[in-house]
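Take a moment to look over the sequence and the model below. Then follow the text through it, part by part.

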Amino acid sequence: MSTHATVGTHMGHDEPGMFKKYFWSTDHKVIAMQYLFTGMAMALIGGFFAYVFRMQLGFPNHNVPGYGLVTPGRYNALVTMHGSIMIFWVAMPVLIAAFGNFLIPLMVGCDDMAFPRINRLSYQIFLFSAILLLSSFLVKGGAFGGAWTAYPPLSANGAYNLTPLGSVLWLVAVALEFVAFLLGGINFTVTVMNSRAPGMKMYDIPLVIWMIVLASVIFMASAGPLIAGAVMLLFDQTMSTGFYDPTRGGDPLLWQHLFWFFGHPEVYVVLLPAMGIVAEVIAVFARKKIFGYKTVLYTTWAVGFLSFVVWAHHQFVAGIDPRMANIFSITTLMISVPITEMIFLYIATLYGGSITLDTPMLWALGFIAEFLIGGVTGIFLGSSGTDIYLHDTYFVIAHFHYTFVPIAIIAVFAGITFWYPKMFGTMLNETLGKIHFWGTVIPFNFIFIPLFITGTAGDQRRVYSYAQFAEQSRPALQHLRTTSTIALLVMLSFQFVFLINFFWSLRNGKKAGPNPWRSATLEWTVPSPPPHGNFAELPTVYRGPYEYGLPGRVEDFAPQNVPD
Amino acid sequence: MYERYLSAASTYAHSVDHLFILIAVLVGFWLIAAETMMFVLIFKFRAKPGRPTQYITGEEKHLKRWITIPHALVLICDLFIIVGAISVWYNIKQNFPVADETVRVIGQQWAWSFQQAGPDGVMDTLDDIRSVGELHVKVDTTYHFDLISRDVVHSFAVPAFRLKQDALPGRTITGWFRPNKVGTYDIQCTQMCGLGHGLMAGRIIVETPQDHAAWLLRNTNPAVAGVPPAAPSATPNANATMAEVRR
C-alpha cells in the first residue's frame with residue numbers, strides 16, 4: 001500500500017490482505033463491525049451471567065445447568081460483571097462505537113473518520129479492556145463482586161472485598177474502556193464538525209448523528225472526574241493511599257460523587273444514540289418528516305445539560321446533607337420534561353403517515369412503548385420522599401432495565417435490522433425477525449413487571465438468597481421471582497432466532513440493493529455494502545434528512561443529495 | 001397498597017405510601033395517555049394504497065399545540081410531585097421530632113448490632129444494653145438513631161418503617177423513627193457490603209411498654225447502673241441478648 005493519510009485518497013487502492021483488512025484496518029466500517037461483534041459476544045456473556053444469577057433467585061440453591069452452584073461470592077461477582085459488561089462493554093460499544101463508526105462517515109457524506117488510526121487504536125484498547133475484564137475471573141480470589149458502582153472502602157481494600165486482584169483488574173479495565181471511548185468521542189465530534197458533505201448545514205444532519213455527537217460530548221465532559229477518581233481508587237487499592245479511607249482523612253462519599261457525576265450522564269450517553277436510531281427508523285417507515293426536528297434537537301441539548309445536575313439522586317440516602325436532596329429532586333423531575341417532549345414528538349411523527357410495520361419499525365415502536373414505562377417509573381425514584389423506601393430495591397432494578405433494555409437491546413435491534421442491508425448487502429428474513437421481536441418484547445415485560453412488585457414489597461438488591469429475611473421469603477414473592485426467571489429463559493432462548501437469522505441471511509438473504517427502505521439519507525445512495533472509501537463521488541447535500549411525503553413528486557421522498 | 005405485601009409500622013410509613021400513590025396516579029395517567037395515543041396513531045395511519053402521506057414539519061401552530069399543551073400539563077404534574085416529595089422527605093430526613101430514646105446502630109461485615117441506654121437512661125455507661133441482630137424498641141416512642149459503620153458502607157433499612165439510611169465509616173448519621181405497631185420486622189442491609197451482604201439480616205422487635213420494660217430488666221445488671229465504663233473501647237459484651245450472631 002502506498003502511504004496515504006489524507007482524507008479522500010482511499011479510493012482506488014489495492015485490496016489489502018486478510019489480516020490488514022479485518023484486524024488492522026482503519027476503515028470505519030470494519031472498525032464498526034469489530035465493535036459490533038465484540039459487543040454482541042460480550043452481550044452473550046452478560047446474558048449468560050443474568051441467566052445464572054436469575055436461576056439462583058428463581059430456584060434458590062439448586063445447581064444451575066451449565067454453571068453449578070451459585071455461592072454468595074460468585075453471585076456478587078456475577079451481578080457486578082453483568083452490570084459492568086452490559087453498560088460498558090455492550091451498550092457503549094454497540095450504540096456509540098459500532099453505529100457511530102458505521103453511520104457517521106456514510107451519513108455526513110465523507111470517506112472515513114477524521115482520525116482513522118486513532119479509531120483503530122480506540123478499538124484495540126477497547127478489546128484489551130474486555131479481555132482484561134474477563135481475565136479477572138481467572139485470578140486468585142476471583143472476579144470483583146462489589147457491585148458495578150464499586151463503592152469504597154469495600155472496593156478499595158482487599159481485606160473487605162476478598163478479591164484483591166479482581167477489583168484491581170475491574171478498575172483498570174473500566175479506566176481503559178473510558179480511554180477507548182474518549183478517543184472515539186473526539187473522532188466522532190471532529191468528523192461530524194469538519195467532514196460533512198458540502199451543503200450539509202447543521203440542521204441537515206440526521207438526528208442519529210447529532211445524538212451520537214452529543215452523547216460523545218456528554219461522555220467526554222463527564223468521564224474526566226471518574227477517571228481521576230479511578231486513579232485515586234487504584235492508588236488506594238495498590239499503594240495504600242487513603243483517598244477514600246476515613247481513618248486516614250479520606251472520604252468514601254467522594255467516590256460516590258465522582259462516580260455518579262459520570263454515572264448519570266452515562267444514562268443519557270447511551271439513551272441519545274438509541275433515540276437517534278429510533279428517529280431514523282420511524283421517519284422512514286411512517287414516511288414522515290420528524291415532527292419538529294429542531295425541537296427534538298433543542299430538547300436533546302436540554303437533556304444533555306440537565307443530565308449534569310441530577311447525579312446526587314443516586315445518593316439521597318447515602319449520607320449527603322439532606323437539604324441537597326431537595327435540589328436534586330427538583331432537577332431530576334425537571335429532566336422528565338424535555339424527555340417527555342422528545343417522546344411526544346416521536347409519537348406525533350406518526351400522525352398523518354403511511355405506517356408499515358416491518359421489523360425495524362416494530363423495534364422502534366417497541367422502544368417507545370417500553371421506554372415510556374422506564375421513564376415514568378423513574379419519577380418514583382427521583383422523588384426523594386419515595387426514594388427513601390425504594391432506593392436499592394428491585395423497583396430500581398426493574399426501572400433501569402425498562403430504560404436500558406429498550407436502549408441497549410430494543411433500539412439496537414431496530415438499528416441492526418434497519419442497517420443490516422447496508423452493512424452486509426442482504427436482507428434479513430422478515431418472518432424470523434418478527435418471531436424474534438415478539439419473542440423478546442413479551443417475555444421482557446414478564447421479567448420486570450414482577451420485579452416492580454417485589455421491589456415495592458421490599459426486596460433489596462444484590463442479595464443471593466432471601467432465606468434470612470422473613471418478610472421477603474414469603475411464597476407470594478418467591479413466585480414472582482420464579483416467574484421473572486422463567487420469562488428470562490424464554491427471552492434468552494429467542495435470541496437464538498436472531499443469531500440464526502443474522503448469520504443465515506449473510507449468505508442466503510435477498511440482495512438488498514442500495515436503498516431497500518426508500519430512505520432519504522446519504523448512506524442509502526452508495527452500494528450495499530459500501531466499498532472502501534464509501535462514495536464513488538463525494539456527494540453534495542441539498543436538503544434536510546427527512547423529506548418524506550413531498551407532494552407532487554414521482555417518488556414520495558427526496559434524497560438529500562439530489563438537486564431539485 | 002403496600003399492606004398486602006408489607007405492613008406499615010412507623011408513623012411516616014403512610015406518608016411514603018401516599019406519595020407513592022400520588023405519583024402512580026399522575027404518571028399512570030400520562031403513561032396510558034401516551035401509549036393509547038401511539039397505538040391509535042399506528043392504527044389510524046397504517047399504510048393504505050391511494051392515501052398519500054401528509055407533509056407536516058411540526059412548525060404548524062394548530063398541530064404544535066398538541067405538544068405544547070401536554071408539555072405544560074406534565075410540568076404542572078411535576079410540580080405537584082416535587083411538593084409531595086419534598087414535604088415527605090423533610091419530615092423524615094430533615095425535621096426530627098424530639099427524641100424519647102436514642103439508640104446506636106452499628107453496621108459491620110456482616111451483622112447489625114445495637115446499643116441502647118440501660119435503666120440509667122445514659123448512653124455509654126456500663127449498664128448499656130448491647131445486642132447483635134435484634135433491636136428491641138417500645139411502641140409509640142420516638143427514637144433517634146446514631147448510625148455508624150465499622151468497615152465499609154452499609155445501609156440500614158427497615159422496610160416496614162419505610163426507613164433507609166446508609167452507614168458510612170468515619171461518620172455518625174442521625175435519623176429517627178416512631179414505631180406505631182407491635183410486631184417483629186426485618187432489618188436489611190441494602191448496600192453491597194461484600195461476601196456476606198445477603199446474610200446481613202436483623203430484626204426489629206416493637207414491643208408494648210410492659211414487654212419492653214420486662215426485656216430491659218432481663219438484660220441489665222443493676223449493679224453497674226450509672227457507672228461510666230472504665231475503658232470504653234474494651235467494654236465486654238456482657239449484656240448481649242440471646243440474639244445469635246449471624247455470620
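Leaving aside neighbours within four places in sequence, which residues is A91(A) in contact with? This is a predicted model, and everything below is read from it. In the model, A91(A) is in contact with M86(A), V270(A), F404(A), I407(A) and A408(A). That list leaves aside its neighbours within four places in sequence.

Now step back to the core around that residue. A91(A) belongs to the largest nonpolar core, a set of 253 residues. A91(A) is among those with the most contacts inside this core, together with I209(A), V278(A), I368(A), A408(A) and A414(A). Which helix gives the largest share of the core? Helix α3 of chain A, residues 72-108, supplies 25 residues. The core draws at least three residues from domain 1 (2-94) of chain B and at least three from domain 2 (101-234) of chain B.

Next, stay in chain A and find P450(A). P450(A) lies in helix α14 of chain A, which covers residues 430-456. Is P450(A) buried or exposed? A residue is called buried if 20 or more other C-beta atoms lie within 10 Å of its own. P450(A) has 21 other C-beta atoms within 10 Å, so P450(A) is buried. Its contacts include residues from further along the chain. Leaving aside neighbours within four places in sequence, P450(A) is in contact with L480(A), T483(A) and S484(A). L477(A) is 27 residues apart from P450(A) in sequence, yet the two are 8.8 Å apart in space, C-alpha to C-alpha.

Turn now to the place where the two chains touch. The contact takes 84 residues from chain A and 74 residues from chain B. Which elements supply the side of chain B? At least two residues each come from α1 (13-44), α2 (61-94), β6 (154-158), β7 (163-167) and β9 (183-189) of chain B. The largest share comes from α2(B), with 17 residues. By class, this side of chain B divides into 44 nonpolar, 18 polar and 12 charged residues.

Chain B itself deserves a walk from end to end. Chain B has 3 helices and 10 strands. Of the 247 residues in chain B, 39% are buried. Take the contacts in chain B with a separation of 6 or more. Residues 24 or more positions apart account for 70% of them.

How does chain B divide into domains? The domain assignment gives domain 1 (2-94) and domain 2 (101-234). Their centres, taken over C-alpha atoms, are 41 Å apart. Still, 9 residues of domain 1 of chain B are in contact with 13 residues of domain 2 of chain B. The domain 1 side of that contact has 6 nonpolar residues, 3 polar residues and no charged residues.

The strands of chain B can be followed sheet by sheet. One open sheet has 5 strands in the order β4-β10-β9-β6-β7 (chain B), and its pairing is mixed. Why is one side of β4 and of β7 left without a neighbour in the sheet? β4 (134-138) and β7 of chain B stand at the edges with a single partner strand each, so one side of each has no neighbour there. From one strand to the next, the twist averages 20°.

β4(B) pairs with strand β10 of chain B, residues 202-207, in the parallel sense over 5 bridges. E134(B) stands opposite R203(B) in β10(B). K138(B) stands opposite E207(B) in β10(B). Helix α3 of chain B, residues 209-218, packs on the sheet and touches β4 and β10 of chain B. The direction of this helix makes about 130° with that of β4(B). β4(B) is mostly covered, with 4 of its 5 residues buried.

The other sheet to trace is also in chain B. This open sheet has 5 strands in the order β3-β2-β1-β5-β8 (chain B), with mixed pairing. Its edge strands are β3 (129-132) and β8 (173-177) of chain B, and each pairs on one side only. Here the twist averages 25° from one strand to the next. Strand β5 of chain B, residues 143-149, runs antiparallel to β8(B), and 5 bridges join them. In β8(B), I173(B) is the bridge partner of L147(B).

Methods:
Residues numbered from 1 in each chain as written. Chains lettered and ligands numbered in written order. Predicted model: local features only at pLDDT ≥ 70, side-chain atom pairs only at ≥ 80, totals over all residues. Contact = placed C-beta atoms within 7 Å. Nonpolar A, V, L, I, M, F, W, Y, C, P; charged D, E, K, R; others polar. Domains from an automatic or database assignment. Core = buried A, V, L, I, M, F, W, Y, C linked by C-beta atoms within 7 Å. Buried ≥ 20, exposed ≤ 12 C-beta atoms within 10 Å, placed from the backbone. Pairing = 2+ DSSP bridges. Axes fitted to C-alpha atoms, helices over the stretch in contact; angles between N-to-C directions.
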